[in-house]
Amino acid sequence: MTFPFDALSACRADLEAEASANDPQAAFPAEWIARLRKLGVLSVTLPETLGGRGSGTGHRGGMELLQLLQLVGQGSLALGRIVEGHINAIRLIACCGTADQLARAAMDVHDGALFGVWVTDGASPLRMEHSDGGIRFQGEKLFVSGVHHVTRALVTARTRADTTYMLLVPLDGTRTVSPAFGGLAGMRGAGTGRCDFSATRLPPDAMIGQEGDYLRQPEFSAGAWRGMAVALGGIARLTSLLRLQLVERGRAESPAQQARIGRALIAAESAYLWTRKAALTAAVQDRYDVDEVAATVNLARIAVERAGLDVLELVQRGLGLSAFTRANVVERLVRDLATYLRQPAPDETLCEAAAWFTHHDLPRPEDMS
């Protein structure tokens, strides 16, 4: 059985309308999470033996997951962020956890659980210590997506020896949560906030993997391709809106506007090709050197960011002040994409990737089939 891409594609207009309706109140897309769950989006990366499709692994699985995330991103970047975080958590449990931990996670997914990966520390970094046969937390996480709605949070915490572990925390509404400081300009529907884990106690089997697994390559860098796929959806949608709105206004025949349309199409296609390269490299990463996988995905991440920034500028210049009016869906999409593209350490990411490829060739598409 194939994934119902036609049904997901048909949802784009409704997703976009809900994202615009949610934006002023920073409302979370809970209804659409439920609808995507029914379509199988939240279980798609689970192994087939656990009720999923194994998407994201192998050539077919990589292309399938890319298409899925791009379609969600076209409709709502905020919703795409939640879905991508959920998938990221499942992937990390599959890569680093035990078979029993993955099986329990799969049961939770089928029972309606929403997972997330929360790793950014606040002023009080999240610390863990073993106490009375269990694990005790102290500290908080910031800029966490779905803070009121995620029910299973995969978090990173440091020990007294300053080593880092991943732990899966069931969220039952007893933690202190609050919105992000001052509210974000974009991605408001993602429900971004902060969560205080102080006094939380967990059993020993809440630990996922071994010391340092979260930062272990190539998965630490390779996983970024899924975020690129969501951003790709936003880039493609803005490019389409630039063309559509210029045609509606009778301005599409202007040479200057045609040049903007052309550059936007080039940027969007470049973003797709780099995301595809990253997805395939990550999906069949056992064929490559660890550093080659990380460097390829890191280059792709910077390329997609650059393409997105180019499209943002072209859309705003092409549409003028109308791109800044809240009645135009473009205004929200620009804010959402600009916020989504703000990933950590872009300069370091670029330099590390360039250092590798100074002495090596890029993987070729024919190597990925």
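A pocket here is an open set of points on a 1 Å grid over the protein atoms alone, with protein on both sides within 12 Å along at least five of seven lines, and its lining residues have an atom within 4 Å of a point. This is a predicted model, where local features need pLDDT of at least 70, side-chain atom pairs count only at pLDDT 80 or more, and totals for linings use all residues. Residues are numbered from 1 along each chain, and side-chain values use heavy atoms, without hydrogens or water.

Start with the largest pocket. Its lining has 49 residues, and Arg81, Tyr214, Arg342, Gln343 and Pro344 lie nearest the centre. α5 (77-96) supplies the largest share of that lining, seven residues; helices are DSSP runs of H or I, at least four residues long, numbered from the N terminus. Other elements that each give at least two residues include α8 (224-248), α10 (290-319) and α11 (329-340).

Now α11 itself. Ten of its twelve residues are buried, so the rest of the structure largely encloses this helix; buried means under 20% relative accessible area with a 1.4 Å probe, protein chains only. Among the buried ones are Glu331, Arg332, Arg335 and Asp336. The cover over the buried residues of α11 includes α2 (12-22), α5, α8 and α10.

Last, the nonpolar core, meaning buried Ala, Val, Leu, Ile, Met, Phe, Trp, Tyr and Cys residues joined through side-chain atoms within 4.5 Å. The largest one has 88 residues, and Phe137, Leu167 and Trp225 have the most contacts inside it. α8 gives the most to this core, eleven residues. Apart from it lies another core of 18 residues, including Leu92 and Phe115.

Methods:
1 Å grid on protein atoms, 1.4 Å probe; cavity = no way out; pocket = protein on both sides within 12 Å on 5 of 7 lines; lining within 4 Å. Buried < 20%, exposed > 50% of the residue type's maximum accessible area, 1.4 Å probe, protein only. Contact = heavy atoms within 4.5 Å.
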